[in-house]
Amino acid sequence: MSFALYMVGFAIFMGGLIWGAVEAGIPHVYIGIGALVILGIGIFSAVGRTRSKDPS
């Protein structure tokens, strides 16, 4: 559940960045590339923060 909540918050954050980039007039190709990179970073950080620790 916390992974989904983390990703929802990250999607809202990324949506705001994309909206700002569109309003700033940045070409859509660069916005798409940046969005994919940011999405990858978000998934890596969400997995790292919500993963259960090994008992050892």
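Modeller: A residue counts as exposed when its relative accessible area is over 50% and as buried when it is under 20%. The model discussed here is predicted.

Colleague: Is leucine 5 buried or exposed?

Modeller: Leucine 5 has its place in helix H1. Its relative accessible area is 60%, and the cut-off for exposure is over 50%. Leucine 5 is therefore exposed.

Colleague: How far apart in space are leucine 5 and alanine 46, C-alpha to C-alpha?

Modeller: In sequence, leucine 5 and alanine 46 are separated by 41 residues. Ala46 belongs to H2 and takes part in the contact between H1 and H2. The C-alpha to C-alpha distance of leucine 5 and alanine 46 is 9.5 Å.

Colleague: How are H1 and H2 oriented to each other, roughly parallel or roughly antiparallel?

Modeller: The axes of H1 (residues 2-24) and H2 (residues 28-50) come within 10 Å and cross at roughly 160 degrees. Angles over 145 degrees count as roughly antiparallel. H1 and H2 are therefore roughly antiparallel.

Colleague: How many charged residues does the contact of H1 with H2 have?

Modeller: H1 contributes residues including Phe3, Phe10 and Leu17, while H2 contributes Ile38, Leu39 and Arg49, among others. By class, the contact has 16 nonpolar and four polar residues, and the number of charged residues is one.

Colleague: What radius of gyration does the protein chain have?

Modeller: The chain has two helices and zero strands. Its C-alpha atoms fill a box of roughly 50 × 15 × 10 Å along the principal axes. A compact globule of 56 residues would have a radius of gyration near 10 Å, but that of the protein chain is 14 Å.

Note on methods. Residues numbered from 1 in each chain as written. Predicted model: local features only at pLDDT ≥ 70, side-chain atom pairs only at ≥ 80, totals over all residues. Heavy atoms only, no water. Axes fitted to C-alpha atoms, helices over the stretch in contact; angles between N-to-C directions. Helix = DSSP H or I, 4+ residues; strand = E, 2+ residues; numbered from the N terminus. Parallel < 35°, antiparallel > 145°, perpendicular 65-115°, else oblique. Contact = heavy atoms within 4.5 Å. Nonpolar A, V, L, I, M, F, W, Y, C, P; charged D, E, K, R; others polar. Rg over C-alpha atoms; globule rule 2.2 N^0.38 Å. Buried < 20%, exposed > 50% of the residue type's maximum accessible area, 1.4 Å probe, protein only.
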